[in-house]
Every structure is written in structure tokens, then in C-alpha cells.
Amino acid sequence: MFIEEFLKLCNINHLIIEPSRYLSQICREKNLNVLEKFLEDVNIKDLPKENKVFVSFELFEHLHDPKLFLEILFQLLNKNDSFIFTTLNGMGLDIQVLQDESKAVSPPMHLNFFNPKSIKILLDKIGFKCIDIITPGKLDINIMENNVDKIKDKFWKNFIGYSNKEEKNKMQNFISNNRLSSHMMVVCRKV
């Protein structure tokens, strides 16, 4: 869906790396360029030579070895190529407030819970330069509203119960603007 929407804005050279035969076939039926491989099996010769931007949405928390994934990706990138990805922020408000009652905490589905500081440390170790780390989430307060019976912290239980819509919106904006949302987006580059 991402590349379909992006292609509506501009015509770019694209390549989807998709290991699933079923999903690769769907891409082909939509006339999208697809490479049916796991990232670990991609060769630099499989990729276009020009500058690239790799994107990955909501995959990182499912990886068995995120460091290995990033190391492989780093080797496939040219200097100044970028990687943009989204993942869970383990320090996100709703995850912290709901703790083991949070639906985001669901092993074996979600294996990794990085946060803005820890993901930067990992990226730096591999050689990436972090350009931006944001938490643009919009649902933290809503998630807590839907799970108010599971909240043990009195402040948040009262806030959810007694605040009006405008106050909740202001709080959600504060959460997002201060890297406290459970949805995290990272932009980094190979330098």
C-alpha cells in the first residue's frame, strides 16, 4: 500500500523486497517491481545502483535479531542511502501505564521494545547516523481509555475518567511531541 500511495505522488524507481510468495504475487499483479527474497538473501547486485531509501513499517518489533537485520541492511546501502522505519516505543505511555496488560506486549509476536535512546545506541554501533527519531502516535490516550479498567496508576485512571476531549487531545499532543508515544518512527542514514 505504501508504494502504491507514493507512486500517486511521483513516479520513482522502486523495488519491494517481499519474502512471501503470496504477497509477492499480489505485488506483481499490481505491476509493482518485487524481489521475492528475505533481506538476508538479497545481494547488492539485486538492487539499483542509484541512491536508495529503504522503508519498513511495523516489522522491527517482530525481528528475532534486530542487530543482524540492521547489519545486513547497512551492507546493502550505499553512502548517504537512508532507512526509515516505524516500530513500537517500549517507553511509550500506554505501554508503560498498562504494562503486562498492554496488548502491545504480546510475545511471541512482539519480541523487541526499543525506545528513542536505545534505538539510537544500536544504530550508532552499526554505523548509521540518526537523522530523526519521533513518536507521532495519536492513539495512546485512546488505548488507555479503552483499557481504563486495567490501569492501576491513580493519576492516569483519574485523568482518563475526568478529562474532556480537548484536554485529552492536548495530552496526546504533549505525549507525541515529547517522544512519549508508543509509536516510533526513525530516520537514519549510512554515512
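## Packing of H3 against H5

In this predicted model, helices H3 and H5 pack with their axes 10 Å apart and at an angle of about 45°; axes are lines fitted to C-alpha atoms, for helices over the stretch in contact, and angles run from 0 to 180 degrees between N-to-C directions. H3 is therefore oblique to H5, a class for angles that are not under 35 degrees (roughly parallel), over 145 (roughly antiparallel) or 65 to 115 (roughly perpendicular). The crossing of H3 past H5 is right-handed, the near helix being turned clockwise from the far one by less than a right angle.

On the H3 side, the contact is made by Lys67, Leu70, Glu71 and Phe74, and on the H5 side by Leu122, Leu123 and Ile126. Contact means heavy atoms within 4.5 Å. By class, five nonpolar, no polar and two charged residues take part in the contact of H3 with H5. Here Ala, Val, Leu, Ile, Met, Phe, Trp, Tyr, Cys and Pro count as nonpolar, Asp, Glu, Lys and Arg as charged, and the others, Gly among them, as polar.

## Basis of the description

Residues are numbered from 1 along each chain as its sequence is written. Because the model is predicted, local features need pLDDT of at least 70 and side-chain atom pairs count only at pLDDT 80 or more, whereas totals for chains, interfaces and linings use all residues; side-chain values use heavy atoms, with hydrogens and water left out.

## Overall architecture

The protein contains eight helices and six strands. These are DSSP runs numbered from the N terminus, helices being H or I of at least four residues and strands E of at least two. From the N terminus on, their order is α-β-α-β-β-α-β-α-α-β-α-α-α-β.

The C-alpha atoms fill a box of roughly 55 × 40 × 30 Å along the principal axes. Of the 191 residues, 41% count as buried, that is, under 20% relative accessible area, with exposed over 50% and partly exposed in between (1.4 Å probe, protein chains only). Among contacts with a separation of 6 or more, 70% come from residues 24 or more positions apart.

## The four-stranded sheet

Four strands form an open sheet in the order E3-E4-E6-E5, with mixed pairing; two strands pair if DSSP finds at least two bridges between them. Strands E3 (53-57) and E5 (128-134) stand at the edges with a single partner strand each, so one side of each lacks a neighbour in the sheet. Direction ignored, neighbouring strands are turned by 20° against each other on average.

E3 pairs with strand E4 (residues 82-88) in the parallel sense over five bridges, and Phe57 stands opposite Thr86 in E4. E4 is mostly covered, with six of its seven residues buried. Helix H5 (residues 116-126) lies across E4, E5 and strand E6 (183-190), and runs at about 165° to E5.

## Loop residues with positive phi

Asn31, in the loop between helix H2 (21-29) and strand E2 (34-35), has a phi near 60°, a positive value in a residue other than glycine. Its relative accessibility is 69%, so Asn31 counts as exposed.

Glu58 lies in the loop between E3 and helix H3 (66-76). Glu58 likewise is not a glycine, yet its phi is positive at about 55°. At 33% relative accessibility, Glu58 counts as partly exposed.
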